[in-house]
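Here is a short briefing to read with the viewer open.

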Amino acid sequence: MTASLGAVLLMLCLLQIKHMFADFYLQTPKMLSGRGEYLHWGRAQHAGVHVIGSVIVFVLFGAPWAFILIIAALEWIVHFNIDFAKASYSDKKKLMPTQAAFWRAAGLDQLMHNLTYIAMVWAWAEFAT
């Protein structure tokens, strides 16, 4: 691993900022409705917004395009499925924001996304620097 600790931490911070905007500011009603269905176009678009943000981060760090394309495809698949799992569980349990289980599901969803970013940064440090 040849990446500096500062570069790793900066990349993680940028991915977290990207995540906040993609998850909490850039979701449209189409992205949010009907998320319990697996083949959901809105969730596919939402995962695409995340990928675009991550591509920008990796470009800023000078990652090779082949690496960026692979990591982008993997992130899209992982993000799409994490969000489906949360939505499907929440729908089946009819969870509402007034219930503790709703927030546990939301917290687990966010944890899984954060662990994804750690894996992505590790892959960058290991294979793209």
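Lys-94 is placed in the loop between H4 and H5. Its phi is near 50°, a positive value in a residue other than glycine. Lys-94 counts as exposed because its relative accessibility is 66%, where the cut-off for exposed is over 50%. Please keep in mind that this is a predicted model.

**Packing of H1 with H5**

- Helix H1 covers residues 5–24 and helix H5 covers residues 100–128; the two pack at an angle of about 140°, and their axes are 10 Å apart.
- The handedness of the H1 and H5 crossing is right-handed.
- On the H1 side, the contact residues include Ala-7, Val-8, Met-11, Leu-12 and Leu-15, together with Gln-16, Lys-18, His-19, Asp-23 and Phe-24.
- Facing them from H5 are Asp-109, Gln-110, His-113, Asn-114, Tyr-117, Ile-118, Val-121 and Trp-124.
- By class, the residues of the contact of H1 with H5 are ten nonpolar, five polar and three charged.

**Packing of H3 with H4**

- H3 and H4 have their axes 9 Å apart and pack at an angle of about 145°.
- This pair, H3 and H4, has a right-handed crossing.
- From H3, the residues that meet H4 include Arg-43, Ala-44, His-46, Ala-47, Val-51, Val-55 and Phe-58.
- Among their partners in H4 are Trp-65, Phe-67, Ile-68, Ile-71, Trp-76, Phe-80 and Phe-84.
- The contact of H3 with H4 divides into 14 nonpolar, five polar and three charged residues.

**Packing of H3 with H5**

- The axes of H3 and H5 cross at roughly 35° and come within 13 Å.
- The crossing in which H3 passes H5 is right-handed.
- His-50, Ser-54 and Phe-58 of H3 make this contact with Tyr-117, Met-120 and Trp-124 of H5.
- Four nonpolar and two polar residues take part in the contact of H3 with H5, and no charged ones.

**Aromatic rings**

- How many aromatic pairs does a search of the whole structure find? The search finds eight.
- Phe-61 and Trp-124 form an edge-to-face pair, because their planes lie at 80°, with the ring centres 5.5 Å apart.
- This pair links distant parts of the chain, 63 residues apart: Phe-61 is in the loop between helix H3 (41–60) and helix H4 (65–93), and Trp-124 is in helix H5.
- One aromatic cluster is formed by Tyr-38, Trp-76, Phe-80 and Phe-84.
- Over the ring of Phe-80 sits the charged end of Arg-43, 4.5 Å from the ring centre. Arg-43 and Phe-80 are also listed in the contact of H3 with H4.

Terms used
Residues are numbered from 1 along each chain as its sequence is written. This is a predicted model: local features need pLDDT of at least 70, side-chain atom pairs count only at pLDDT 80 or more; totals for chains, interfaces and linings use all residues. Side-chain values use heavy atoms; hydrogens and water are left out. Axes are lines fitted to C-alpha atoms, for helices over the stretch in contact, and angles run from 0 to 180 degrees between N-to-C directions. Helices (H or I, at least four residues) and strands (E, at least two) are DSSP runs, numbered from the N terminus. A crossing is left-handed if the near helix is turned anticlockwise from the far one by less than a right angle, and right-handed if clockwise. Contact means heavy atoms within 4.5 Å. Ala, Val, Leu, Ile, Met, Phe, Trp, Tyr, Cys and Pro count as nonpolar, Asp, Glu, Lys and Arg as charged, and the others, Gly among them, as polar. Rings of Phe, Tyr and Trp (its six-membered ring) pair if their centres lie within 6.5 Å; planes under 30 degrees apart count as stacked, over 60 as edge-to-face and the rest as tilted. A charge sits over a ring if NZ of Lys or CZ of Arg is within 6 Å of the ring centre and within 35 degrees of the ring normal. Buried means under 20% relative accessible area, exposed over 50%, partly exposed in between (1.4 Å probe, protein chains only).
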